[in-house]
Amino acid sequence: KGTGHYDLAIAIGILAASGQLPCEHLHAYEFAGELGLTGQLRAIRGGLALAMAARDAQRTLVISSASSAEAALIQDASVLAAEHLLQVCQHLNGSESLATAVPPAEIPTPTYPDLADVKGQTAARRALEVAAAGNHSLLLIGPPGTGKSMLAQRLPGLLPALLEHEALEAAAVQSLGQNGLDPRQFGQRPFRSPHHTASSVALVGGGSVPQPGEISLAHHGVLFLDELPEFDRKVLEVLREPLENGKIHISRAARQAEFPARFQLVAAMNPCPCGYLGHPQKACRCTPEQIARYRGRISGPLLDRIDMVVEVPALPESVLLARGQGESSAPVRERVGAARQRQYTRQGLHNSGLLGASLDEHCQPDAAGLALLQNAVQKLGWSARAYHRVLRVARTIADLANSEAITKQHLAEAIQYRRGIE
């Protein structure tokens with residue numbers, strides 16, 4: 001065995017093989033729990049994922065009481081909780097039944113930081129709304145202390161509440177992670193922010209027994225990469241596949257695993273190594289070669305997969321000292337929810353997932369918009385991927401405006417978000 005999950009199952013197998021337990025009903029059960037030397041059952045990781053698998057196999061899961069609340073989140077699963085090996089034996093002998101596992105008594109409503117805390121930054125707030133509405137990836141560029149991290153942290157609060165199957169998928173992956181799942185956070189969108197010293201294994205997952213990495217733990221949530229150029233280039237390159245496919249395949253000598261990774265990427269970076277390029281008050285000390293080398297740490301193919309880039313400039317003192325608050329998250333979340341509902345009604349998925357014939361069908365601009373787009377493609381030398389991403393972003397902007405047609409104004413805004421990448 002490679003983990004404590006199988007202790008209880010091995011013990012039951014030995015007891016049944018030696019004739020101390022009846023065998024005829026064992027096929028109806030799945031067992032999971034780590035055994036202490038006294039027979040006490042300890043907590044394990046992955047209880048929710050085990051309950052889903054037992055439900056699909058139409059079997060009853062017997063699990064340690066410490067992990068039972070997590071497993072009981074699967075409402076249509078049959079889960080029994082046990083604190084000791086003797087209790088399991090008594091249940092199988094028919095002398096005393098195990099208690100049915102129950103979920104936490106109260107799961108609080110998810111709460112997120114409010115967008116009203118961010119002062120100024122009108123353009124960045126608008127870009128954040130567009131990104132939330134279409135599930136687009138976003139790169140924020142600006143000097144230190146201008147609010148890039150604050151904006152990223154508020155993105156989960158702009159997204160609609162998780163659907164039940166999405167919440168279960170996200171929770172199942174988190175339950176397999178190193179820290180397990182807190183059942184009280186069920187239904188909350190993940191927000192993962194790995195440090196720039198993270199390895200590729202930490203980011204995408206791995207190990208001798210493959211475990212999910214940060215991109216999978218951010219499934220149906222937000223992955224925030226601060227100080228993007230400080231990440232090792234090889235680490236960033238592993239993001240290319242999951243950004244396109246929404247999953248990551250991990251191969252090891254002993255076994256293979258595939259984890260979901262349908263996350264929304266938000267990244268932040270300084271405009272130059274010292275951070276003050278274009279700052280109205282602080283002079284930049286970087287040479288053009290240093291700036292080019294700094295930005296060159298991010299590969300072209302990865303940048304090509306980022307939908308939107310927006311500048312987050314330094315704020316004047318008048319804005320910083322003002323007491324008035326900007327728009328809160330609630331009305332923005334309503335607009336985002338309405339735009340997403342239009343997308344699901346029209347095409348069955350969010351705009352960032354449009355491909356092939358669906359993209360051609362739903363993202364056709366009007367004549368003026370098409371002329372503007374052709375001119376931009378010729379001048380900026382876009383790849384086919386970049387062209388398609390601009391169309392998807394323009395479709396989202398039109399949805400926020402409740403417009404069926406993609407007009408010149410919608411495309412002009414989408415092109416501005418793309419020009420920051422070139």
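Which residue forms a salt bridge with Glu327? The first legend takes this up, after a short note on the model. This is a predicted model in which local features need pLDDT of at least 70, side-chain atom pairs count only at pLDDT 80 or more, and totals for chains, interfaces and linings use all residues. Residues are numbered from 1 along each chain as its sequence is written, and side-chain values use heavy atoms, with hydrogens and water left out.

**View 1. Arg335 and Glu327 form a salt bridge.** The closest N and O atoms of Arg335 and Glu327 are 2.9 Å apart; a salt bridge here is a side-chain nitrogen of Lys or Arg within 4 Å of a carboxyl oxygen of Asp or Glu. Arg335 is partly exposed at 32% relative accessible area, and Glu327 is partly exposed at 36%. For these labels, buried means under 20% relative accessible area, exposed over 50%, and partly exposed in between (1.4 Å probe, protein chains only). Elsewhere, salt bridges with shared partners join Glu244, Asp304, Arg305, Asp307, Arg385, Arg389 and Arg418 into one network.

**View 2. Arg59 pairs with Glu30 in a salt bridge.** Their side chains meet at 2.6 Å, N to O. Arg59 sits in the loop between helix 2 (47-56) and strand 4 (60-64) and Glu30 in strand 1 (residues 29-32), so the pair ties together parts 29 residues apart in sequence. Helices (H or I, at least four residues) and strands (E, at least two) are DSSP runs, numbered from the N terminus. Both partners are partly exposed, Arg59 at 35% and Glu30 at 28%.

**View 3. Arg55 reaches Asp76 through a salt bridge.** Here the N to O distance is 3.4 Å. Arg55 belongs to helix 2, while Asp76 lies in the loop between helix 3 (65-71) and strand 5 (79-82), 21 residues apart. Arg55 is partly exposed at 24%, whereas Asp76 is exposed at 56%.

**View 4. Leu151 belongs to the largest nonpolar core.** Such a core is a set of buried Ala, Val, Leu, Ile, Met, Phe, Trp, Tyr and Cys residues joined through side-chain atoms within 4.5 Å. Of its 45 residues, Leu138, Leu140, Leu151 and Met308 touch the most other members. Helix 18 (residues 384-400) gives the most to this core, with 8 residues. Not counting residues up to four places away in sequence, Leu151 touches Leu115, Val118, Ala124, Arg125, Leu128, Leu140 and Val312; contact means heavy atoms within 4.5 Å.
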